[in-house]
Amino acid sequence: SNNNEPPPIKFAPDGTSFTGPPAGIAHTATATIGTPVDVGIWLTDVVPDTNVRENPRRRRPAMSLRWSTLRGPGQVEFDESVQDFEDASPQTTMTTVTIDVAGEYWLRAEALDSTGEGGSGFQCCWTSAIVKVDVTP
């Protein structure tokens, strides 16, 4: 009703754009135990929600990117598990991931617009994408 849309994310500048809840594996990567691997994301906000910014006590970043581990046999270390952006213009960001045990891992990238986590009570506006990382010894 407010013309807001989930922020699209891509894993390559000319790659497939993902929005909303995850629909399968969005990106795959390979890594070696203990060796950092970079995961790049291209992020933007289609229709920034300016209404949230009117109350300075509720001021939030224009966009945020959060990383978490969904599954895997070991520990995952993100160099920046949360990144905030002050404007909704297209952003290119890199997250370095280090994993300590061989196996298959599913990582979740969640992009939020200025409405914040869960859209401040609405089902908009966030995007989640699953990154599968195969880690070898």
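The structure is a predicted model, in which local features need pLDDT of at least 70 and side-chain atom pairs count only at pLDDT 80 or more, whereas totals for chains, interfaces and linings use all residues. Residues are numbered from 1 along each chain as its sequence is written, and side-chain values use heavy atoms, with hydrogens and water left out.

## Overall layout

The chain has zero helices and nine strands, where helices (H or I, at least four residues) and strands (E, at least two) are DSSP runs numbered from the N terminus. Followed along the sequence, the pattern reads β-β-β-β-β-β-β-β-β. Of the 137 residues in the chain, 40% are buried; here buried means under 20% relative accessible area, exposed means over 50%, and partly exposed lies in between, with a 1.4 Å probe and protein chains only.

One of the buried residues is Leu65, which counts as buried at 0% relative accessibility and has its place in strand β4. Leu65 and Ile41 are 24 residues apart in sequence, and their C-alpha atoms are 9.3 Å apart in space.

## Salt bridges

Side chains of opposite charge can pair when their charged atoms come close. The structure holds three salt bridges, a salt bridge being a side-chain nitrogen of Lys or Arg within 4 Å of a carboxyl oxygen of Asp or Glu.

| Residues of the pair | N to O distance |
|---|---|
| Lys132 and Glu104 | 3.6 Å |
| Arg108 and Glu110 | 3.1 Å |
| Asp134 and Lys132 | 3.7 Å |

Which residues are linked in a network of salt bridges? The network consists of Glu104, Lys132 and Asp134.

In the salt bridge between Arg108 and Glu110, Arg108 is partly exposed, with a relative accessible area of 25%, while Glu110 counts as buried at 9% relative accessibility.

## Aromatic pairs

A pair of aromatic rings is described by the distance of the centres and the angle of the planes. Rings of Phe, Tyr and Trp (its six-membered ring) pair if their centres lie within 6.5 Å, and planes under 30 degrees apart count as stacked, over 60 as edge-to-face and the rest as tilted. By this rule the count comes to two aromatic pairs.

Phe11 and Phe18 form an edge-to-face pair, with 6.3 Å from centre to centre and 65 degrees between the planes. Phe11 counts as buried at 10% relative accessibility, whereas Phe18 is partly exposed, with a relative accessible area of 22%.

The rings of Trp67 and Phe78 have their centres 6.0 Å apart and their planes at 25 degrees, so this pair is stacked. The pair links distant parts of the chain, with Trp67 in strand β4 (residues 63-71) and Phe78 in strand β5 (residues 76-78), 11 residues apart. Trp67 is buried at 6% relative accessibility, and Phe78 is also buried, with a relative accessible area of 14%.

## Surface charge and other positions

Where on the chain does negative charge gather in a surface patch? The patch is formed by Asp38, Glu77, Asp79 and Glu80, and Asp38 is found in strand β3 (residues 37-43). Patches are made of residues with over 30% relative accessible area and no salt bridge, with like charges joined within 9 Å and nonpolar side chains (Val, Leu, Ile, Met, Phe, Trp, Tyr) within 5 Å. Asp and Glu count as negative and Lys and Arg as positive, while His and the chain ends are not counted.

Glu86 lies in the loop between β6 (82-85) and β7 (91-99) and is exposed, with a relative accessible area of 52%. The C-alpha atoms of Glu86 and Ala62 are separated by 5.1 Å, although the two residues are 24 residues apart along the chain. Glu5 has its place in the segment before β1 (9-10) and counts as partly exposed at 38% relative accessibility. Between the C-alpha atoms of Glu5 and Gly20, which are 15 residues apart along the chain, the separation is 8.6 Å.

Conventions. Areas by Shrake-Rupley, 256 points an atom, 1.4 Å probe, with all protein chains shown as cover. Charge placed at Lys NZ, Arg CZ, Asp CG, Glu CD.
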